[in-house]
Amino acid sequence: MAPPTGKRVKGVQIFRPFVYGTTARPFDEKTNPKPPGVPDDHTHSWTVFIKGIDDVDITYWLRRVQFKLHESIPNHVRMVEGVKGQPFQIHETGWGEFEITMKLYYVPESSEKP
Ligand code: SLL
């Protein structure tokens, strides 16, 4: 393979499938107990994730992901570094719904901007 030039290659498109989404579960004594130290007003645990289809590794093309959460959440801009074979994800607790922005940072040899 030719060494990376730092420039996008004209006329070449590369597609990589991935899955992103969120899940949320209400606390429940039996199935989803509230962990110790979680504030009284928190009602749910939730997760936001980016991963490969059927959990296939995507760290060979995706290096890190910035998740921008609601400002009410401590440290609401989070950078998640890729770990081979693991989803890029954040697991938290809270009380409300909000939008999340995800910024994808590709591996340097792709020469693609986030
Ligand atoms: C709104 N939908 O638009 C609301 C915002 C924010 C939710 C909901 C905080 C958790 C924490 C939390 O759940 N915020 O304190 O860690 O105004």
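1. Let's start with a term: on a 1 Å grid over the protein atoms alone, a pocket is an open set of points where a 1.4 Å probe fits, with protein on both sides within 12 Å along at least five of seven lines, and its lining residues have an atom within 4 Å of a point. Keep in mind that this is a predicted model, where local features need pLDDT of at least 70, side-chain atom pairs count only at pLDDT 80 or more, and totals for linings use all residues. Numbering runs from 1 along each chain as its sequence is written, and side-chain values use heavy atoms, leaving out hydrogens and water.

2. Now look at the second largest pocket. Its lining is made up of Thr22, Thr23, Ala24, His44, Trp46, Gly94, Trp95, Gly96, Glu97, Phe98 and Ile100. Strands E1 (19-26) and E2 (44-51) each give two or more residues to that lining, and E1 gives the most, with three. (Strands are DSSP runs of E, at least two residues, numbered from the N terminus.)

3. Which ligand atom is 2.9 Å from an N or O atom in the side chain of serine 72? That's a nitrogen. Ligand oxygen atoms turn up too: one lies 2.8 Å from a backbone N or O atom of tryptophan 95, and a polar side-chain atom of histidine 42 is 3.4 Å from a ligand oxygen. As for cover, the ligand taken alone exposes 460 Å², and the protein buries 68% of that (Shrake-Rupley method, 1.4 Å probe).

How values were computed:
Helix = DSSP H or I, 4+ residues; strand = E, 2+ residues; numbered from the N terminus. Polar contact = N/O pair within 3.5 Å; in protein donor to acceptor, adjacent residues only side chain to side chain.
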